[in-house]
Amino acid sequence: MRRDTYHVKNPVRAIITGHLLCIFIILLFSSSNAFADPLGLGPFDLPPLNPAESFREIPSFVVSDDNAEGKVQLTWTARWTNVWAFNAKSDYPLDSLTDPSAPAPPYGIFLLDMEIHHHSFRFSYLTSPSTRVELCLPFYYISGGTMDSYIEGFHDAWHISQHRRDEWPKNQIYMIFVHPNGERIEYNRDDLGGIFIGNLGLGGSWKIKENNPDIALRLFANLPTTNAPEVFEENDLNITLQSTASWRFKKFILHDGIGFTWYRSEGINGLDLERHRFSFMHTFEYPVSRDFSLILHGVMASPVADYPELDEFNVGLSFGFKRRLNNCVIELSTTENMFFFNNSPDIGVHFAIKTILK
């Protein structure tokens, strides 16, 4: 499978330049004293992350916050994740996967190796004190990446299993799985690398209770607008219903959420994907001050497919902070699979900035 894509000659320079440009534009058009004093600064704008989410994503949880009525709130999120997912018998030779003369791999073999840069711009508008509408525009850059050597060094230093990634060439884009009929399904850099537009998101939320706890309902739909390779993000409709609650408990602020996502499509190129999935969020926020919070953010999602390595719940745990800077709120976190190794990214860095536009 080959799609027309745009490849970046110097990805590191392009990524840094793009981030700085986005921050400059947001600060230029943001209003001063935009945020009131909400119930904490909220959880990270970070959905469940794992190799399975490349196939069938789940939206991040959005709690009720302090958006001013009649103003447009812009949230830009950026994350950089390194993905290594491998499932096979412990003695299976990895070099045979790319050897055309080797015997066909058995059903159940799965390997996914790449780095994904994800950016999204979410515009929300408070239509009344308790209701809002939103529009989300996502973009992706898929590459072989640069983090493989650092990750292997980190795992060695902390005596964490490499899960055989040290037996595989570094900084690759590669994916393989086996169709139930025995057909070998394989993709490489030419098939998957490049810049893509994601599925356009439309939604709305309703705050049904205020003040310890704040409770909100959210309905969100991803529309089939992506030009990404079909194996990653299907060009079809999916709808998510979420409920979130935030309340203060002694010195902590707790944020919890539960979601249900329905997908119209049943599968992609031999993968039997789940059409119904549940997701959960549990976030602990410790307000060091009115404008700075330390955050431990946990998200979980039910299996994405009936296929080895993709048929388990995935759990993601991220730690970082949120900081209010007069006219905006920024967040920064990191994810590492020290505690939940299987079905999770090896490492990820997340950044977001939220502001009210003039």
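So, a search over the whole structure turns up nine salt bridges. Keep in mind that this is a predicted model. Let me start with Asp 45 and Arg 122, whose side chains meet in a salt bridge at 2.5 Å, N to O. What does that pair link? Distant parts of the chain, 77 residues apart. Asp 45 sits in the loop between helix H1, 11-29, and strand E1, 72-87, while Arg 122 belongs to strand E2, residues 110-128.

Are those two buried or exposed? Asp 45 has 9% relative accessibility, and the cut-off for buried is under 20%, so Asp 45 counts as buried. Arg 122, at 11%, counts as buried too.

Next on my list is Lys 322 with Glu 331, where the closest N and O atoms are 3.3 Å apart in a salt bridge. Lys 322 is buried at 4% relative accessible area, and Glu 331 is buried at 6%.

For contrast, take Glu 210 and Lys 207, which form a salt bridge at 3.7 Å, N to O. Here Glu 210 is partly exposed at 43% relative accessibility, whereas Lys 207 is buried at 16%.

You'll find Arg 218 in strand E8, residues 214-222, and it is buried, with a relative accessible area of 5%. What does its side chain reach at 2.8 Å? The backbone oxygen of Ser 60, for one, and the side chain of Glu 134, in a polar contact. Leaving out residues up to four places away in sequence, Arg 218 also touches a list of others, including Pro 59, Val 62, Arg 122, Gly 204, Thr 240 and Gln 242.

Another buried arginine is Arg 165, with a relative accessible area of 3%. Arg 165 is in the loop between helix H2, 148-157, and strand E4, 174-178. Its side chain makes a polar contact of 3.2 Å with the side chain of Asn 82.

On to the strands. E1 is largely enclosed by the rest of the structure, because 13 of its 16 residues are buried. Which strands does E1 pair with? With E2, in the antiparallel sense, over 16 bridges, and with strand E17, residues 347-356, also antiparallel, over 10 bridges. If you want landmarks, Val 83 has Met 114 as its bridge partner in E2, and Trp 80 stands opposite Val 349 in E17.

Last bit, the packing. In soluble globular proteins, nonpolar side chains tend to be buried together. Here the largest nonpolar core has 35 residues, and the ones touching the most other members are Leu 97, Phe 110, Leu 111, Met 114, Met 175 and Phe 177. Who supplies at least two residues of this core? E1, E2, strand E3 (131-143), E4 and strand E5 (184-188) each do. Apart from that core lies another one of six residues, among them Cys 328, Ile 330, Phe 351 and Ile 353.

Definitions and conventions
Residues are numbered from 1 along each chain as its sequence is written. This is a predicted model: local features need pLDDT of at least 70, side-chain atom pairs count only at pLDDT 80 or more; totals for chains, interfaces and linings use all residues. Side-chain values use heavy atoms; hydrogens and water are left out. A salt bridge is a side-chain nitrogen of Lys or Arg within 4 Å of a carboxyl oxygen of Asp or Glu. Helices (H or I, at least four residues) and strands (E, at least two) are DSSP runs, numbered from the N terminus. Buried means under 20% relative accessible area, exposed over 50%, partly exposed in between (1.4 Å probe, protein chains only). A polar contact is a pair of N or O atoms within 3.5 Å; within protein, one must be able to donate a hydrogen and the other to accept it, and residues adjacent in sequence count only if both atoms are side-chain atoms. Two strands pair if DSSP finds at least two bridges between them. A nonpolar core is a set of buried Ala, Val, Leu, Ile, Met, Phe, Trp, Tyr and Cys residues joined through side-chain atoms within 4.5 Å. Contact means heavy atoms within 4.5 Å.
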